Structure formats: structure tokens, C-alpha cells
Amino acid sequence: MSAMRAFHFDDVQSGLQLRTVPRPRPEQGQVVIQIKAAGLCHSDCFILRDDQYKMIMKRPIVLGHEVAGTVIELGPGISNYELGDRVVAGIPTHPVARDSFTKAIGLGYDGGYAEQAIAWVENLIRIPSGVSFAQAAVAADSIATAYHAVITEGRVGPDSTVAIVGLGGLGLPAIQIAAIHGARVYAVDIDETKFPLARDLGAVGCANSLDKFRDTAFDTAVDFAGAGITTAAAVNAVKPCGRVIVVGLAATQMNLITHAVITRNITLQGSIGSSLEELKEVLRLIADGRLSPVLEEVPFDSIPQGLERLAQGKVTGRLFTDPTAFDRR
């Protein structure tokens with residue numbers, strides 16, 4: 001068939017539009033993948049509600065940047081992949097560069113809210129045995145981003161006491177990642193219904209505010225909420241020479257007590273995305289059974305409703321869709 005279904009985004013006013021579009025054709029350095037799983041990411045919620053959001057490189061665009069599937073067509077000169085290979089499209093944002101998103105699927109060009117998509121071979125990773133398409137897709141951004149924030153920027157290790165703030169699609173795997181590396185992990189969220197799962201994943205304590213852990217000296221606090229007040233609380237919660245890693249984008253600005261940051265020698269570090277090597281490590285942890293993403297499948301036609309649930313904070317773990325599932329019904 002020469003056409004496929006895809007969700008296009010033009011602007012905030014029109015939102016996501018399900019359209020019939022031509023199937024992609026690969027050029028030099030590219031392959032076409034049949035998408036078997038596409039993760040729904042909170043970044044797409046920001047794109048859908050704010051025309052000033054700067055992460056997308058073109059319009060209209062097919063969103064969806066957590067993408068896994070099988071190779072079904074090779075571009076000219078491609079010899080290191082074969083038809084049928086199971087792959088995930090990485091989004092290498094490290095080292096950070098001005099053009100980091102140019103070759104990022106679903107951000108720089110058409111992505112995974114479609115039956116098929118182009119992928120740049122330089123960003124492809126083969127999916128290890130034992131890792132499902134859905135697990136690989138959400139690993140590409142949410143879990144790899146959590147890994148980078150906790151391990152690379154947060155420097156969390158066996159002797160660390162760490163606070164994970166915000167128990168959504170990034171915060172929950174962050175608990176697992178920190179616990180896997182031997183840290184003592186505390187979890188914070190305003191939704192206390194998430195606490196039993198947080199404990200199952202490795203948290204030794206849970207609370208609806210960092211203030212509840214006044215007697216705990218945190219080496220690192222990773223703020224996946226980014227609500228402004230959560231970052232300010234994290235600055236106060238870490239011990240002298242502690243690290244505060246900010247990942248969440250809920251607030252556009254934050255107010256901090258400068259005296260506290262300076263006199264207590266606090267490191268305040270932003271964190272975005274991950275490297276391809278970090279994604280490979282995350283896939284190894286999943287393949288070994290040490291890291292288990294919390295997943296929920298939604299129908300392809302329900303992507304807009306799934307993103308709305310995500311924006312409203314009504315999702316536990318990570319949503320994904322299989323764009324080819326309707327063919328099997």
C-alpha cells in the first residue's frame with residue numbers, strides 16, 4: 001500500500017489530526033521501520049499546548065519520539081542492517097549541541113504516531129533478546145532520560161541517599177535505577193496512591209512533600225516535576241555540597257533563595273535526554289530483568305485521549321500504542 005494513517009500536528013489550535021499520508025521512502029543513511037510500539041511522552045503534551053515550545057524542528061510534523069519496530073526497507077548503501085531487524089530509534093542529546101534534535105524522530109522529522117517512519121541509521125540500536133518493542137520504545141526517552149539524570153548528572157551510587165520528586169513516567173523508573181545502583185531512595189509525589197508501587201520499585205520511604213523528610217540528609221534530589229516550588233524544596237532538602245537535578249518542565253520559572261544555594265555550595269543542574277550509550281545500558285538492564293518499565297497500552301486511535309490523560313496526571317507509568325494493532329482486529 002502507498003498510504004498510511006498518521007497523526008499530524010500543525011498548531012495548538014488544530015491539535016492532532018488523524019490523516020492518510022504517503023508512506024515514507026528512505027534516503028542515504030536511512031531505513032524505514034514498521035512501528036510496533038510508540039510511547040506517549042509528556043513532552044508532546046507541552047508541544048500540543050504551547051506554540052512557543054522549541055523542541056520540534058518542522059511543521060506539520062508527525063509526533064511520537066519513542067519508537068521501536070522492524071526494519072522493512074533500506075536506503076541506498078545501507079549494509080549494516082537487514083530487513084526484519086528489531087530496532088529502537090535513539091534520541092542522542094548528549095553531547096548537547098545546537099542541532100541535537102535535527103535527526104531526532106518525532107521532533108526533527110516525522111515520528112511514531114504513524115504506521116511507518118524513517119529512522120537515521122546512526123541513531124538506531126538493535127533491541128536485545130528479551131526486550132519487547134514497548135519496553136524498547138519507552139526506554140528511548142523516558143527511561144534513558146531518567147538514567148542520565150540519576151546516574152550521570154546526579155552521580156548516584158551505592159553510598160547515596162537520593163530523593164526522587166514526581167512519580168510519573170520518569171520518576172518511577174528513576175526509583176528502580178537508583179535502587180539498582182545501591183542507593184537509598186525516597187519518593188515524593190502529591191498523589192499518595194502511587195506510594196505502594198514506589199515502595200515495590202525500591203523506595204524506602206514515601207511522602208507528599210520533601211519537608212516530611214527533615215531528618216534525612218540527601219546527597220541528591222532529582223526533580224522530575226519541575227514545578228518551581230519542588231526545585232526550591234529540593235535545594236533546602238539536600239545536604240551541604242548536595243546536588244539538585246531538574247528534569248521536569250511544569251514551571252517556566254523558579255524562585256530560589258540565592259543565599260542557600262551559595263552558602264551551602266549546592267549544585268543546581270538541568271538534565272535533558274541521554275546518550276546512545278546510556279540507552280544501550282538501559283536496554284541491558286531491561287534484558288537482564290533488573291529494570292521493569294510500568295506500561296499501559298492504548299489504541300492507536302486514542303492517542304489524543306491518552307495524551308490528555310497524561311497532561312492531567314492521570315497515568316501511572318508509561319503509555320504506548322501499537323500503530324499496527326488495528327490491522328489484527
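This is a short chat about a predicted model of one protein chain.

Colleague: What should I know about the numbers first?

Modeller: The model is predicted, so to speak, with rules: local features need pLDDT of at least 70, side-chain atom pairs count only at pLDDT 80 or more, and totals for chains, interfaces and linings use all residues. Residues are numbered from 1 along each chain as its sequence is written, and side-chain values use heavy atoms, without hydrogens and water.

Colleague: How many helices and strands are in the protein chain?

Modeller: The chain has 8 helices and 16 strands. Those are DSSP runs, numbered from the N terminus: helices are H or I with at least four residues, strands are E with at least two.

Colleague: And what does the C-alpha trace span along its principal axes?

Modeller: About 65 × 45 × 40 Å.

Colleague: What share of the residues is buried?

Modeller: Of the 329 residues, 57% are buried. Buried means under 20% relative accessible area (1.4 Å probe, protein chains only).

Colleague: Which ones are buried in α1?

Modeller: S43, D44, C45, F46, I47 and L48.

Colleague: What do the buried residues of α1 pack against?

Modeller: Strands β1 (3–9) and β2 (16–22), plus helix α8 (303–311).

Colleague: Back to the whole chain. What about contacts with a separation of 6 or more?

Modeller: Residues 24 or more positions apart account for 69% of them. A contact means heavy atoms within 4.5 Å.

Conventions. Buried < 20%, exposed > 50% of the residue type's maximum accessible area, 1.4 Å probe, protein only.
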